[in-house]
Amino acid sequence: MMRLLTSLLVGLTLLSAPASAQTGPLRLELDQGIIEPMPFAVPNFVPDTPAAAQYPTDISRVIAADLTGTGLFREIAPEAFISRVNSFEAPIQFADWKAINADALVTGAVNLSGNTLTVRFRVWDVFSGQELGNGLQFSGPTDGWRRMAHKVADQVYSRITGEGGYFDSRVAFVSESGPKDQRRKRLAIMDYDGANVQYLTDSAAIVLAPRFSPAGDRLLYTSYESGRPRIYLLDVGRVKKQELKTQDGTMSFSPRFSPDGRSIVYSLTQGGNTDLWKMDLASGQSVRLTNTPAIETAPSYAPDGSRIVFESDRSGTPQLYVMPANGGEATRISFGQGRYGTPVWSPRGDLIAFTKQNKGRFHIGVMRVDGSEERLLTASFLDEGPTWSPNGRVIMFTRETQGASGRSSLYSVDISGRNLRPVRTPDGGSDPSWGPLLK
Amino acid sequence: MDTGTKISAIAHVTLIGWALFGGAFRSDPLPMAVQEVSVISAEEFAALTAQRDAPAVAVAPGGLEAPDAQPPAPEPPEPVEEEQPRPEPVSPPEPDPEPQPEPVEAPPEPEIIEQPPVLAEPEPEPEVTVLPALPEAQPRPADKVAPEPIAPPPPDAKPDDVESPAVSLDEGAEIQQEQQDQTAPEEATDQIVTEAEQSDDLSPQRSPRPRPRPSRPQPAAQPDVAEADAPTNPAPQDQAAINDALAEALGASDEPAGPPLTGGEKDAMRLAVSRCWNVGSLSTDALQTVVVVGFSLNRDGTIVPGSLRMLDSSGGSAGAAKQAFDAARRAILRCGAKGYDLPADKYAHWKDIEITFNPERMRIK
Amino acid sequence: MNVLSKIAALGALALVTACSNNDPSALGGAGGGSGSIVPGSPNDPRSPAYFQQAVGDRVLFAVDQSTLSSEAQSILQGQADWLLANTDYTATIEGHADEQGTREYNLALGARRANAAREFLISRGVAGNRLQTVSYGKERPIEICSTEECYSKNRRAVTVLTGSTAG
């Protein structure tokens, strides 16, 4: 310190800057940056053999679409490329990618052997010239090329952002067609990006609000098959359904799995009153969780299974409450203006997404689990029913347009409120339930 | 009133009633027939609606043309209703090569009632293998030469510029715009404006976060984090005299030529890096992480290869620190690609630099 | 005149009152003759069509409410009278909500409305085991515009006759 001060004094006194002066490093603090999609390049993967040549472009396009779809990345159009990547093993000419301002580069190759497709890839940080993580390869039947592309994109996403991806996942939803007063609804399932839609029921009975099991192998949903709303459990792989019996004369709906997948919490209506119940799936036995004259519905477990957030109008208007998983005293967490509903606990456990109705508009919003830091992400005539992506970063929901020609469709939005976008479905869609990442 | 009169009165009222309701309902029938929906059988309903459901059979919005074959169904699906003859599961046709806005039109075949439930197994599980590392690419000479064709840092990344709004699409539009269209505009944004906040007809639900102020030059005497902090950090010994002398000296000399960088020069350097510090693709965890990155500069302002390193991190997991460091490193490298513009006569003061990247104000939440 | 037709006539009288409350101009339009009664037609006081149209099979509710207005009560009184007179019928009361609300909450709200109508009918002497309820929430609107004009008609409880062995 003495020496430093001395040199400083000397410097100041002499009004000159001797370059030889001994100083510590220049210390700066940055608290302002920018928020914009990261530019990346995915040159077409290289086919090992001519036989494999039908896959690389498709795979590269799915990867690029996955990344771009997050709103966190921006693809640099292949027309801008200076370098061609003709070999997966050749060194990367980083200068060529820096020149087009690509921060990240994904290279890969595709091999076809019989019916087995192998996709290899690497992720590069262009400006440091370093590989992010290790190269990986996925092998599987050619049928699964889309899943392989999603898996590559999940890897790229998590290596750059530091959080898990969500591309190799599926969404259950209600496919809607027909006019508002004769709406036909069918249970359907699709890849998260709208590909591979498959129908699980016909439209003979109204179906509502499917919910994936934590493992993604089963669905809960509500159907009017018996003439009144009842909960059904569907084995997704075998498309085999089973009614979950409740007392005669009651309505049961709004089912959600517990995090261990062994029980469900749901709404049961007896007379005009709707309370929350919990059913053990093995025994079919139900126990009551709430007992008030108010409407209690739309329950959702915390990921650790300890608590349940739900909607109740015990205060006079629908608001959000949290209670222990086995019932007990409920604490109100929503205190803003308007009406709150359909709370869904995030898979990370830190946020609750909800539907809010205020001043004639609907919003999807998020708040902390104690109700603080409420943020509204959307605004429209009618938004409702949020569901979380497996990594807790994106929310998908139902948006219905108004009027006689009103139509329901699925939208997704980043939890920052950015990147609001529609999700492609063949017909209208509602009540999405985002399943877990596939294994 | 005798019984006859009563009966007569009742009969009259009844008659008036008939006249009233007969007339009223002939001219203005209530839409009762609609209720039939809830009365007809499921089979009838399915038959009625069959034609409109048919198009859905052929739809597979895959978006890419490829041999994306349906997984074979190992078991016939459970019939939902016994009475309807069920067609065999229909494999969706090849998806379109591009996401097309128009829904796939299938001929409205009356025979096809609906696609029965089909197996919804995900595509087959790929195997995973880790690849060995690739040999280092030999750096091309161009990498080190200053006037190389690397584009300058984006000049549009003004921290206080207009925010890019959340993409808002036409309601009910047939959605497929090109995905590139939806990326944020070139301007950087310093706050996130959600659809909820941008609605005109909505009184603000929450006030947006205050805009950060642009960096301002600070008075040179203002203690900063750099070594010029000396006046505020006197050694425990008898530094009073030195402090006095220093204070005098600082007060006396306003010249920018003094050896330590001026506040303005530091701010310029700060701004130069912040223009490339993109936290837009960081996880929320990484956005909680403060990292300190050290590096060295050559006399021409370019970065000494290999000198970049993470000195410290706090607030997040090791994984988050790595992502935060990656973003900081990209910022330093990207904006320093042509060399930082620093006063050459003060090289000793900026030869080594440590930057603390604190994303606190950039957080989503 | 037997008791049954007397009761039916009283029901009609009650409806004259109810109807003129709602729509006084209907009185002026009542010029048609009574004609002969076609069994099963709206002119047949024992027909479901009569129940639907003359008695009135539905009651409407205010926003978010399941309480019965005085108009609703008088319509339900007519339904109760009819059901007491036509004991061969059972009924399912369907509760509905407008689209301004979340799906699951509206299901529960529709159930409240259906139940309010059911409780009223029971209080007027209709046996509870003849009356079932079901809620459709906002799944089955009859009016599809997105204005209060349509919403007010969609917030309803509809008494649908079932188990008809009428003769």
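Predicted model: local features only at pLDDT ≥ 70, side-chain atom pairs only at ≥ 80, totals over all residues.
In chain A, domain 1 covers residues 38–161, while domain 2 covers residues 169–437, and the centres of the two domains, taken over their C-alpha atoms, are separated by 36 Å. Taken along the principal axes, the C-alpha atoms of chain A as a whole fill a box of roughly 90 × 65 × 45 Å. Within chain A you can find 4 helices and 32 strands, and 64% of its 439 residues count as buried. If we take the contacts in chain A between residues at least 6 apart in sequence, 43% of them join residues at least 24 apart.

Which residues touch the most other members of the largest nonpolar core? They are F40(A) and I63(A), in a core that has 192 residues. This core takes at least three residues from domain 1 of chain A and at least three from domain 2 of chain A. As a piece of background, nonpolar side chains in soluble globular proteins tend to be buried together. If you select F40(A) on the screen and leave aside residues up to four places away in sequence, you will find that F40(A) touches L67(A), F73(A), E75(A), I76(A), A102(A), D103(A), A104(A), L105(A) and V106(A).

Let us turn to the contact between chain A and chain C, which takes 33 residues from chain A and 22 residues from chain C. Several strands of chain A each supply at least two residues to the side that touches chain C, among them strand 12 (207–212), strand 20 (296–301) and strand 28 (383–388). Strand 16 of chain A gives the most to that side, with 3 residues. By class, the side of chain A that touches chain C divides into 12 nonpolar, 16 polar and 5 charged residues.

That brings me to chain C itself, where 51% of the 167 residues count as buried. Its secondary structure comes to 6 helices and 4 strands, and, read from the N terminus on, the elements run α-α-α-β-α-β-α-β-α-β. Among contacts in chain C between residues at least 6 apart in sequence, 71% join residues at least 24 apart.

I will finish with one pair of helices in chain C. Helix 3 of chain C, residues 48–56, packs with helix 4 of chain C, residues 70–85, at an angle of about 145°, and their axes are 9 Å apart. The crossing of helix 3 of chain C past helix 4 of chain C is right-handed. Helix 3 of chain C contributes F51(C), V55(C) and G56(C) to the contact, while helix 4 of chain C contributes I75(C), G78(C), Q79(C) and W82(C). Sorted by class, the residues of this helix contact are 4 nonpolar, 3 polar and no charged.

Why is helix 3 of chain C largely enclosed by the rest of the structure? The reason is that 8 of the 9 residues of helix 3 of chain C are buried, including P48(C), Y50(C), Q52(C) and A54(C).

Definitions and conventions:
Residues numbered from 1 in each chain as written. Chains lettered and ligands numbered in written order. Domains from an automatic or database assignment. Core = buried A, V, L, I, M, F, W, Y, C linked by C-beta atoms within 7 Å. Buried ≥ 20, exposed ≤ 12 C-beta atoms within 10 Å, placed from the backbone. Contact = placed C-beta atoms within 7 Å. Axes fitted to C-alpha atoms, helices over the stretch in contact; angles between N-to-C directions. Left-handed = near helix turned anticlockwise from the far one by under 90°. Nonpolar A, V, L, I, M, F, W, Y, C, P; charged D, E, K, R; others polar.
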